[in-house]
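Here is a short walk through one model, section by section. Keep the viewer open as you read.

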Amino acid sequence: MSDKILIADDEPEILEILKMLLSKEGYEVITARNGEEAVSLADPSIDLYLLDVNMPIMSGFAAGAKIREMSFAPIIFLTAYSGETDKYMGFSAGADDYIVKPFSHGELLMRIRALLRRSKDYSIRQSQRDEGSGGEYEGSSILYKDICLDLNSQTVIKEGNTIPLTYTEFKILELLLTHRKKIYSIENIYQSIWEEEAVGDGAIMVHIKNLRKKLGDSSRSPVYIKTAWGKGYYAD
């Protein structure tokens, strides 16, 4: 069965080009002309969302945040803005990747394939865990200090409150909590989770900031995700 991708862009020409490109690669493609339409078309059968940021009625960021409430499928934002603040807004809205225009078709396809592969690999490993793998897991959860990482819902429970995480945030936290005291550089995180070289755009650093914010952690005196200055991140 082909992977299903939803593309949302208010420019008909770009929408048609992306649809032709992805259809040619064997993907099943659904299109939306704005963020509101993208949200209305979102459903569990969609494997990846490709959202333009600057759309009428509802922006890509707003649409991504709404979609993230109902789906853990990877989200890629397409935008003309490359500033750190813009990237932070994108990842805060639930993005797994962020591509700045103009971009090559090859780069886009590479990012899509990588995210779909990561998502599928995660699903396979989670199914294996659910069948019983022992180790540091209690059933389908990881307990760490006052938080519980729920492997089924990809959420963190802290003081009775559920904290939803994006796919990438979840994978980073899971990696650190299952290999405590081991320091992971940004490159290590990419290679350990996704078995590929890092794309040097600062995305991992933004994900770490988002994780700390959601956990109520501080970069100056962190409780959960520690910084080894000049080396990387770890959980003690």
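## Leu149 and the cores

Setting aside neighbours within four places in sequence, Leu149 is in contact (heavy atoms within 4.5 Å) with Ser140, Ser141, Ile142, Thr155, Val156, Leu165, Phe170, Leu173, Glu174 and Leu177. Leu149 is also one of the residues that touch the most other members of the largest nonpolar core, which has 49 residues; Tyr49, Leu51, Phe77 and Leu173 are the others. A core here is a set of buried Ala, Val, Leu, Ile, Met, Phe, Trp, Tyr and Cys residues joined through side-chain atoms within 4.5 Å. Buried means under 20% relative accessible area, exposed over 50%, and partly exposed in between, with a 1.4 Å probe and protein chains only. There's a second, separate core of 19 residues, with Leu48, Ile99, Phe103 and Ile112 among them.

A note on what you're looking at: this is a predicted model, where local features need pLDDT of at least 70 and side-chain atom pairs count only at pLDDT 80 or more, while totals for chains, interfaces and linings use all residues. Residues are numbered from 1 along each chain as its sequence is written, and side-chain values use heavy atoms, leaving out hydrogens and water.

## The antiparallel sheet

Two strands pair if DSSP finds at least two bridges between them; helices (H or I, at least four residues) and strands (E, at least two) are DSSP runs numbered from the N terminus.

β8 (residues 155–158) pairs with β9 over 4 bridges in the antiparallel sense, and Lys158 sits opposite Asn161 in β9.

## The parallel sheet

The other open sheet to look at has 5 strands in the order β2-β1-β3-β4-β5, with parallel pairing. Its edges are β2 (28–32) and β5 (97–100), each with a single partner strand, so one side of each is left without a neighbour. Neighbouring strands here are turned by 20 degrees on average, direction ignored. β1 (residues 4–8) and β2 pair over 5 bridges in the parallel sense, with Ile5 opposite Val29 in β2.

## Two loops

Asn34 lies in the loop between β2 and α2 (35–41), and at 11% relative accessibility Asn34 counts as buried. A polar atom of the Asn34 side chain lies 3.1 Å from the backbone nitrogen of Glu36. Asn34 and Asp9, 25 residues apart in sequence, are 6.0 Å apart C-alpha to C-alpha.

Ser104 is in the loop between β5 and α5 (105–130). At 41% relative accessibility, Ser104 is partly exposed, and its side chain reaches the backbone nitrogen of Glu107 at 3.0 Å.

Key: Axes fitted to C-alpha atoms, helices over the stretch in contact; angles between N-to-C directions. Polar contact = N/O pair within 3.5 Å; in protein donor to acceptor, adjacent residues only side chain to side chain.
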